[in-house]
Amino acid sequence: QVQLVESGGGLVQAGGSLTLSCAASGNIFSINAMGWYRQAPGKQRELVAQINFGGSTKYADSVKGRFTISRDDAKNTVSLQMNSLKLEDTAVYYCNAILRVTRTPGWSDYWGQGTQVTVSS
């Protein structure tokens, strides 16, 4: 069994910063990529940022230059540093990992429970 546990959400004023963290644990054989998605009320879940095993990153256009994703492969953790937060960044943020479970073939998607980020004016 695999668990993704997020932390770091909360309430912040526009222009402020927050850091989200996510730790993956369980019978993990290998992690291909980890990332963050978000879902605002009435909207579809969207990719915010992702980092793969080789360290390559991709970001949604709306967060480029403001958010930075990083990972610690030794600890199976991923973090999202969010700066210059805007009202439109308000959403539930979900940690995602594409990984292989021990003694199980193939890659699978796993999700955290979500953490609320609210940006106020």
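## Strand pairing and sheet

In this predicted model, strands β3 and β8 pair in the antiparallel sense over six bridges. Within this pairing, Ala-23 stands opposite Thr-77 in β8. Both strands belong to an open sheet of four strands, in which the order is β1-β3-β8-β7 and the pairing is antiparallel. The edges of the sheet are formed by β1 and β7, each of which pairs on one side only. On average, and with direction ignored, neighbouring strands of the sheet are turned by 15 degrees against each other.

In soluble globular proteins, nonpolar side chains tend to be buried together. The largest nonpolar core here has 31 residues, and those with the most contacts inside it are Trp-36, Leu-80, Met-82 and Tyr-93. Among the elements that give two or more residues to this core are β1 (2–7), β3 (18–26), β7 (67–72) and β8 (77–82). Strand β9 gives the most, with six residues.

The model contains one aromatic pair. The ring centres of Tyr-37 and Trp-111 lie 5.0 Å apart and their planes stand at 65 degrees; because planes over 60 degrees apart count as edge-to-face, the pair is of that kind. It links distant parts of the chain, with Tyr-37 in strand β4 and Trp-111 in strand β10 (residues 108–111), 74 residues apart. Trp-111 is partly exposed, with a relative accessible area of 37%.

Arg-45 also takes part in contacts with rings. Its charged end sits over the ring of Trp-111, 4.7 Å from the centre, and over the ring of Tyr-94, 3.7 Å from the centre.

## Salt bridges

Five salt bridges are found in the whole structure.

| Pair | N to O distance |
|---|---|
| Glu-46 and Arg-38 | 2.7 Å |
| Asp-61 and Lys-64 | 3.1 Å |
| Arg-66 and Asp-89 | 2.8 Å |

Arg-66 is buried, with a relative accessible area of 10%, and Asp-89 is buried at 0%. Arg-38 is likewise buried, at 6%, whereas Glu-46 is partly exposed, at 36%. These four residues, Arg-38, Glu-46, Arg-66 and Asp-89, are linked in a network of salt bridges. Asp-61, by contrast, is exposed, with a relative accessible area of 65%.

Technical notes:
Residues numbered from 1 in each chain as written. Predicted model: local features only at pLDDT ≥ 70, side-chain atom pairs only at ≥ 80, totals over all residues. Heavy atoms only, no water. Core = buried A, V, L, I, M, F, W, Y, C linked by side-chain atoms within 4.5 Å. Buried < 20%, exposed > 50% of the residue type's maximum accessible area, 1.4 Å probe, protein only. Pairing = 2+ DSSP bridges. Axes fitted to C-alpha atoms, helices over the stretch in contact; angles between N-to-C directions. Phe/Tyr/Trp six-rings, centres within 6.5 Å; stacked < 30°, edge-to-face > 60°. Lys NZ or Arg CZ within 6 Å of the ring centre and 35° of its normal. Salt bridge = Lys/Arg side-chain N within 4 Å of Asp/Glu carboxyl O.
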